[in-house]
Amino acid sequence: MDATTQDPIDAAATWHARIDAPDMDWAGFGDWLDADPSHRAAYDSIALLDAEIAAAAPAIAALLPANDDGASDRAPPARSTRWRWMATGTGGALAAGLALLLVGPTLTDPDSGVQTYATDAGNTRAVTLADGSAMRLDRGSRVSVSGGTTPLIEIADGAASFSVRHDPSRTLIVRAGGYDIRDVGTRFAVVNAQGRISVAVAEGSVSVAPHVDDGSASTTLTAGQRLDIDPATGIAARRTVAPTSVADWTDGRLDYDGVPLPLVVADISRYARTPLVVDPSAAGLVFSGVLTIGDGSRLLDQLRAVLPLRLHRADGVVHIERAGPR
């Protein structure tokens with residue numbers, strides 16, 4: 001596709017409309033993203049708007065007036081995979097309006113006990129906590145919340161991002177895989193998937209420490225830092241990330257810069273319909289680039305377009321193996 005002469009928003013909409021196509025030109029898409037910083041910003045805005053429309057579809061349908069013929073009792077038709085973008089001038093206002101429909105239930109009763117939130121492979125969810133903090137769950141995630149105005153959030157599986165208002169009198173705690181992430185006021189994201197924990201900070205700072213005190217010193221992360229932990233071994237690796245890439249799944253993409261394949265696959269597992277296992281032959285590969293989530297079905301294909309990988313399916317599990325040099 002030749003998008004060199006198109007307006008960035010128009011070109012972004014065209015690329016996004018073809019994301020799930022079998023003949024998607026991933027190399028051309030990557031070249032277009034890298035050609036100008038405005039291209040990535042334009043694509044992010046289109047992907048975010050599409051994700052918001054998809055997530056808000058049930059709420060929108062519920063607000064529509066009933067038809068005289070009783071058609072409102074029937075389930076609304078499924079939306080096509082991609083919107084056919086025709087008018088872009090109202091995109092920002094539409095996204096802002098739809099965002100109001102995406103706010104999940106608010107926890108207002110400190111004595112209400114534990115509230116559990118879960119998302120499937122096709123939906124995200126936004127929740128306002130009792131202390132005013134904002135939490136957003138990625139697809140394929142399960143999180144429980146307790147503690148009222150001093151929240152304790154346990155991520156059993158998946159990913160969540162947080163925007164915490166500054167209040168030195170209380171600390172929000174996120175627990176994942178035996179580790180506690182403590183925060184006073186910041187924006188950060190936590191992933192608990194495939195036996196690995198990742199914490200990334202977009203703004204402010206957090207401390208990370210084992211939930212059970214084993215004498216280990218806590219680790220402080222500041223904006224632009226990420227900590228990847230293997231709880232089975234206790235090994236943790238700190239890396240630098242762009243603050244804008246933290247919780248990039250909220251924009252419909254996954255952005256990596258020299259990240260080991262097992263960590264990338266741990267992210268992809270949230271969108272997969274079958275379990276994924278990285279074979280030791282491929283565990284040493286690293287990936288740099290942008291994966292577009294779409295409906296989640298083509299993420300491995302995007303990886304295979306860049307890395308020497310082959311997929312082997314056995315007993316309901318997808319094994320990701322090294323295919324040899326390219």
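Colleague: Which residues of helix α1 are buried?
Modeller: This is a predicted model, where local features need pLDDT of at least 70, side-chain atom pairs count only at pLDDT 80 or more, and totals for chains, interfaces and linings use all residues. Residues are numbered from 1 along each chain as its sequence is written, and side-chain values use heavy atoms, with hydrogens and water left out. Helices (H or I, at least four residues) and strands (E, at least two) are DSSP runs, numbered from the N terminus; buried means under 20% relative accessible area with a 1.4 Å probe, protein chains only. Helix α1 covers residues 8–17, and its buried residues are Ala11, Ala12, Ala13, Trp15 and His16.

Colleague: Which residue caps the N-terminal end of α1?
Modeller: Look at the backbone nitrogen of Ile9. A side-chain oxygen lies 3.0 Å from that nitrogen. The capping residue is Asp7.

Colleague: Why is strand β5 largely enclosed by the rest of the structure?
Modeller: Strand β5 spans residues 142–146. It is largely enclosed because, of its 5 residues, the number buried is 4.

Colleague: Which residue stands opposite Val143 of β5?
Modeller: Two strands pair if DSSP finds at least two bridges between them. Strand β2 (residues 115–118) pairs with β5 in the antiparallel sense, over 4 bridges. Opposite Val143 stands Tyr117.

Colleague: And on β6, which residue stands opposite Arg142?
Modeller: Strand β6 (residues 152–163) pairs with β5 over 5 bridges, in the antiparallel sense. The hairpin of β5 and β6 has 5 residues between the strands, and Gly147 there takes a positive phi near 95 degrees. Arg142 stands opposite Asp157.

Colleague: How far apart in space are Ala176 and Asp157?
Modeller: Ala176 is found in strand β7, residues 172–176. Its relative accessible area is 0%, so Ala176 is buried. In sequence, Ala176 and Asp157 are 19 residues apart. C-alpha to C-alpha, the distance is 8.3 Å.

How values were computed: Buried means under 20% relative accessible area, exposed over 50%, partly exposed in between (1.4 Å probe, protein chains only). A polar contact is a pair of N or O atoms within 3.5 Å; within protein, one must be able to donate a hydrogen and the other to accept it, and residues adjacent in sequence count only if both atoms are side-chain atoms.
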